[in-house]
Amino acid sequence: MAALGPPLRTLRGLLRELRHASDRAGRPYRETPAYQHIVAAFRAHRVTSEKLCRARQELHFQAATYLCLLRSVRRHAALHQEYHGRGERSPEEVAGLVGFRLPQQPGGKG
Amino acid sequence: PPERKRFYQNVSISQGEGGFEINLDHRKLKTPQAKLFAVPSEALAIAVATEWDSQKDTIKAYTMHLTTLCNTALDNPTQRNKMQLIRAAVKFLETDTVCYRVEEPAALAELQKNEWDPVVAWAEKRYNVAIGSSTSILGPNIPASTKETFVSHLASYNMWALQGIEYVITQLKSLILSMGLIDRHITVEKAVLLSRLEEEYQIQRWGSVEWAHDYDLCELCARTAAGTLFVHLCSESSTVKHKLLQD
């Protein structure tokens, strides 16, 4: 069986990610369908206890998978913005990256 | 092409004849082929709605993995039927990452043995099949009976779940790791680590380059997590409308 750690930690991580995700939305993250669905599911299955139960393990695995999705998407988007978000560089910028300057050729390349 | 701006204020879910639909303000979300976007699982719809609600000023389609998976299931752009999907999935076993071993360097060979042998052994026991591993350039010799066992097993999944399974296999380059995920034997993080074992080994030796390594790692985790969640949400009988999952 997958090593998932304590369900409470997964739940906390998930709620934290949902808070990040709903920064843009007008309403607070506690009113989003995702938050309500997750809290209701955990409550229904009492996943925060340590007892073994197949349905509980399935739910916990799903929650951990969703947490991984939200976290990875956020990190990937941040890296994309930082490293790939500026579009194509101009030839001057590219030259500058390796310490060169483009030569001045007023008459064109000839 | 420039990114589309977020053109909607509110994202909500409603239940229609075809399943759970996504509403962007008053507009119903459609697939790339202009079909009505309708999914068989409420939890899946909620997760898709969350993707749309997470978009800030511009819509970053490359972050919306669940939406993409649903679009693929609805549009089936590669026009494959169930058996074609299953055969494509099982064919991966012939080049399964965890079965393909190096002889050198010794440290990497040892790492592969220690990390991959247990998951191969798990699959052999769980499915009662022979798989093995190989250092040959031709890869492992998978018995026909092993392939047939996996074909039978995958046939028990509906078309939506199968799209998800095939997607995860393509991302991880491994049927065995994918089944490990589907069967909840390993977590997404572990599956991705095992899939990228050689990269991780090189990173340990030579260091990590954030804009390449971490970028790739996050993307693979995101796609694998999305695919796995998609499969599970489409397979649960309690949350799924069976008549919508046409085989």
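Mentor: In this predicted model, chain B and chain A bury about 3,200 Å² between them. Carbon and sulfur atoms account for 65% of that area. On the chain B side, B:Tyr62, B:Arg184 and B:Tyr215 lose the most area to chain A. Together they make up 21% of what that side buries. The contact draws 41 residues from chain B and 33 residues from chain A.

Now the polar side of the interface. There are 4 residue pairs in polar contact between the two chains, counting pairs with both residues at pLDDT 80 or more. The chain B surface that touches chain A is built from several elements: β1 (11-16), α1 (42-53), α2 (65-75), α8 (188-195) and α10 (210-235) each supply at least two residues. Helix α10(B) gives the most, with 14 residues. By class, that side divides into 19 nonpolar, 10 polar and 12 charged residues.

The rule finds 1 salt bridge across the interface. B:Arg184 pairs with A:Glu58, and their closest N and O atoms are 4.0 Å apart. A:Glu58 also has a partner within chain A: A:Arg54, at 3.1 Å, N to O. Both of these chain A residues lie in helix α3 (residues 54-84), 4 residues apart, about one turn of the helix. A:Arg54 counts as exposed because its relative accessibility is 66%, and the cut-off for exposed is over 50%. Shared partners join A:Arg54, A:Glu58 and B:Arg184 into one network.

Over all chains, the structure holds 16 salt bridges. Two within chain B deserve a look. B:Lys147 and B:Glu94 meet at 3.1 Å, N to O. This pair links distant parts of the chain, 53 residues apart: B:Lys147 is in helix α5 (residues 144-155), and B:Glu94 is in the loop between α3 (82-91) and α4 (106-127). B:Lys147 is partly exposed, at 24% relative accessible area. B:Glu94 is partly exposed too, at 27%.

B:Lys190 and B:Glu115 meet at 3.8 Å, N to O. Here helix α8 of chain B supplies B:Lys190, helix α4 of chain B supplies B:Glu115, and 75 residues separate them. B:Lys190 is partly exposed at 35% relative accessibility, and B:Glu115 is partly exposed at 27%.

Last, chain A as a whole. It has 4 helices and 0 strands. Of its 110 residues, 37% are buried. It exposes about 7,500 Å², with 52% supplied by carbon and sulfur atoms.

Terms used. Residues numbered from 1 in each chain as written. Chains lettered and ligands numbered in written order. Predicted model: local features only at pLDDT ≥ 70, side-chain atom pairs only at ≥ 80, totals over all residues. Heavy atoms only, no water. Contact = heavy atoms within 4.5 Å. Buried area = accessible area lost by both parts, 1.4 Å probe. Salt bridge = Lys/Arg side-chain N within 4 Å of Asp/Glu carboxyl O. Polar contact = N/O pair within 3.5 Å; in protein donor to acceptor, adjacent residues only side chain to side chain. Nonpolar A, V, L, I, M, F, W, Y, C, P; charged D, E, K, R; others polar. Buried < 20%, exposed > 50% of the residue type's maximum accessible area, 1.4 Å probe, protein only. Areas by Shrake-Rupley, 256 points an atom, 1.4 Å probe, with all protein chains shown as cover.
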